[in-house]
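Please consult the sequence and the structure shown below while reading.

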Amino acid sequence: MKVVTCIAPVNIAVIKYWGKKDEELILPLNDSISASLSTDIMCAKTTVMASPSFEKNRFWLNGKIQCMETNTRLSNCIEMVKKRADSSLEHYNWNISICSENNFPTAAGLASSAAGYACLVYALAKLYKIEGEISEIARQGSGSACRSVYGGWVQWHSGTLPTGEDSIASQIAPASHWPEMRALVLVANDSRKKFGSTLGMYRTTKTSTLIWERVNKVVPERVKQMRQAILSKNFESFAEITMKDSNSMHAVILDTYPPGIYMNDISQAMVNLVHCYNDYKGHNSVAYTFDAGPNACIYLLESEVDEFIAVVNYVFPKLKSVPNSEYYKGYPLPDTTKYVKNKELNVSPCSEGMLKYIIYTRVGEGPSVLVDQKEHLLQQNGLPKH
Ligand code: PMV
């Protein structure tokens, strides 16, 4: 029996991927840039086990058995890893059991599939001992997963080859390059049914005219500026491009026919709060970005966290019935009692309970192998421990 357990990070893009030029190969219309967030706080964890006694391949996701036959993205990933592996490996033809889970609620609306597929491909690569570039394989699971294969600041190059071989991710800088960078995920209380990104992107490329301005002109310029902002640790410029690019992605989604709408009134209140806060500070000291959902990811420097959290608590009061331990997740938040409401901050509070919870995290490293046997999610017989 052979077994490997790995963890991989969630990534949040600052230059967004929205729209494919090839649906099958998952080739994006434009380059995108993201940061991988610390696996201490949020990660996908996957165990892959191969054994000559397993009668078939099996896969559990968050405790539920999945149908492998109909999941072409999953089987593509397995096939691509095996194609690169040495077929003389003892376990090459053994069946496998896969067990994967996220340590954060899927309800958080965060890119769980990106972390999940990056983790799966990383674990398979270790199991079948393949070396080198694997972001191209992770891309086949979920486009944005290719960015979670690396830590720190990552660029996914759209590539020009029709085969997609050059549509890969690369690291711009490790997390240690900008150690002060933090992220706050503001999870909105929202029960609407989520509209998948695959269909959303397809409709946008078919019906939006604005997307071509974004893809051909706006993003190529921003990618250069964003790389420069990251490499020179220029937060002011980083923040402006991040917010503009999030707005631009949601604008093309709205320009889709029928239109898509992922941000809600709570998201709009978060946008307003960030701009009011930056006005009061006299410069961009925090930046929002929204994926295909209503939750904001706020990028900010460590020095800004106390004051900004105090303002968030003022504008989005917590329901008194929700205990602090359920509301504040992630790294311990600093004491904010010293900040009293500043009169120059021109924003009024919303009613209680608009946020479900807040996650405090930072930019972190890429996937890793967990060597401790206790970490395996599968028992020796290939069934999940839990
Ligand atoms: O990888 P997908 O298909 O889940 O697409 C995710 C796209 C966004 O999260 C909305 C933007 C991005 O670049 O991550």
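The model is predicted. Helix α5 packs with helix α6 at an angle of about 160 degrees, helix α7 with helix α8 at about 135 degrees, and helix α1 with helix α2 at about 30 degrees.

**Helices α5 and α6**

- Helix α5 covers residues 210-231 and helix α6 covers residues 235-254; their axes lie 10 Å apart and the packing angle is about 160 degrees. Because angles over 145 degrees count as roughly antiparallel, α5 is roughly antiparallel to α6.
- The crossing in which α5 passes α6 is left-handed.
- On the α5 side, the contact is formed by L210, I211, R214, V219, R222, Q225, M226, A229 and I230. Their counterparts in α6 are S237, F238, I241, T242, K244, D245, S248, M249, A251 and V252. By class, this contact of α5 with α6 comprises 11 nonpolar, 4 polar and 4 charged residues.
- N234 caps the N-terminal end of α6, with a side-chain oxygen placed 3.3 Å from the backbone nitrogen of E236.

**Helices α7 and α8**

- Residues 265-281 form helix α7 and residues 305-315 form helix α8, with an angle of about 135 degrees and an axis separation of 11 Å. This angle makes α7 oblique to α8.
- The two helices α7 and α8 cross in a right-handed sense.
- L273, V274, Y277, Y280 and K281 of α7 meet E307, F308, V311, V312 and V315 of α8. Sorted by class, the contact of α7 with α8 holds 8 nonpolar residues, 2 charged residues and no polar ones.

**Helices α1 and α2**

- Helix α1 (residues 72-84) and helix α2 (residues 112-127) have axes 10 Å apart and pack at about 30 degrees. The two helices α1 and α2 are therefore roughly parallel to each other, since angles under 35 degrees are counted in that class.
- The crossing of α1 past α2 is right-handed.
- From α1, the residues R73, L74, C77, I78 and V81 meet Y117, L120, V121, L124 and A125 from α2. The contact of α1 with α2 contains 9 nonpolar residues, 1 charged residue and no polar residues.
- An α-helix has 3.6 residues a turn, so residues three or four places apart point the same way.

**Backbone features in loops**

- The peptide bond running from Y257 to P258 is cis, and its omega is near -5 degrees. P258 belongs to the loop between α6 and α7.
- I26 has a phi near 55 degrees, which is a positive value in a residue other than glycine. I26 sits in the loop that lies between β3 (20-22) and β4 (27-28).

Note on methods
Residues are numbered from 1 along each chain as its sequence is written. This is a predicted model: local features need pLDDT of at least 70, side-chain atom pairs count only at pLDDT 80 or more; totals for chains, interfaces and linings use all residues. Side-chain values use heavy atoms; hydrogens and water are left out. Axes are lines fitted to C-alpha atoms, for helices over the stretch in contact, and angles run from 0 to 180 degrees between N-to-C directions. Helices (H or I, at least four residues) and strands (E, at least two) are DSSP runs, numbered from the N terminus. Angles under 35 degrees count as roughly parallel, over 145 as roughly antiparallel, 65 to 115 as roughly perpendicular and the rest as oblique. A crossing is left-handed if the near helix is turned anticlockwise from the far one by less than a right angle, and right-handed if clockwise. Contact means heavy atoms within 4.5 Å. Ala, Val, Leu, Ile, Met, Phe, Trp, Tyr, Cys and Pro count as nonpolar, Asp, Glu, Lys and Arg as charged, and the others, Gly among them, as polar. A polar contact is a pair of N or O atoms within 3.5 Å; within protein, one must be able to donate a hydrogen and the other to accept it, and residues adjacent in sequence count only if both atoms are side-chain atoms.
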